[in-house]
Amino acid sequence: MKKIILLVFTISILFSCTNVSEEDLIDVIVQPVIVTYNADVKTIIDNNCLNCHIQPPVNGAGIPLLIYDNVKNGVENNNLINRISAQTGDAGAMPFGGPRLPQNLIDIVIQWEADGLLEN
């Protein structure tokens, strides 16, 4: 009886295996995440920049960063990425007088620029 159970078990294992190709096994395609202003960047700016970059800017801030067009302009024309990437204490480092943003937040803004500064 034990031999029959072992034989049935062995046969069931052999027949449960499939003969699929490697392409069939790799069905998960990882799509790159596109960073957008509304989904990713706006929260970073709102939480870290709007103490000074309001309309009109205060505390020596050069430009407002209230809306998409302001932030896009800041990246394209006002060196925003270099300013947030600078080390605390460096000339022009942002946020002014505060600690440097965590690198993961800076990386999101950098990726946003690389992805084309998309709004939505």
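This is a predicted model: local features need pLDDT of at least 70, side-chain atom pairs count only at pLDDT 80 or more; totals for chains, interfaces and linings use all residues.
Me: How much space lies in the largest pocket?
Reply: About 430 Å³. A pocket here is an open set of points on a 1 Å grid over the protein atoms alone, where a 1.4 Å probe fits, with protein on both sides within 12 Å along at least five of seven lines. The volume is the space filled by probe spheres set on the points, which are joined across faces, edges and corners.

Me: How many residues line the largest pocket?
Reply: The lining has 21 residues. Lining residues have an atom within 4 Å of a point. His53, Ala61, Leu65, Met94 and Phe96 lie nearest the centre.

Me: Which helix gives the most to that lining?
Reply: H5, with three residues. Helices are DSSP runs (H or I, at least four residues), numbered from the N terminus.

Me: New topic. At what angle do H3 and H6 cross?
Reply: Roughly 135°, and their axes come within 10 Å. Axes are lines fitted to C-alpha atoms over the stretch in contact, and angles run from 0 to 180 degrees between N-to-C directions. H3 and H6 are therefore oblique to each other. Oblique covers what is left after under 35 degrees (roughly parallel), over 145 (roughly antiparallel) and 65 to 115 (roughly perpendicular).

Me: Which residues of H3 and H6 make the contact?
Reply: H3 uses Tyr37, Asp40, Val41, Ile44 and Asn48, while H6 uses Leu105, Ile108, Val109 and Trp112. Contact means heavy atoms within 4.5 Å.

Me: Where is Pro56, and is its bond from Gln55 cis or trans?
Reply: Pro56 lies in the loop between H3 and H4. The bond is cis, with omega near -5°.

Me: And what joins Met94 and Pro95?
Reply: A cis peptide bond, with omega about 0°. Pro95 sits in the loop between H5 and H6.

Methods
Residues are numbered from 1 along each chain as its sequence is written. Side-chain values use heavy atoms; hydrogens and water are left out. Helices (H or I, at least four residues) and strands (E, at least two) are DSSP runs, numbered from the N terminus.
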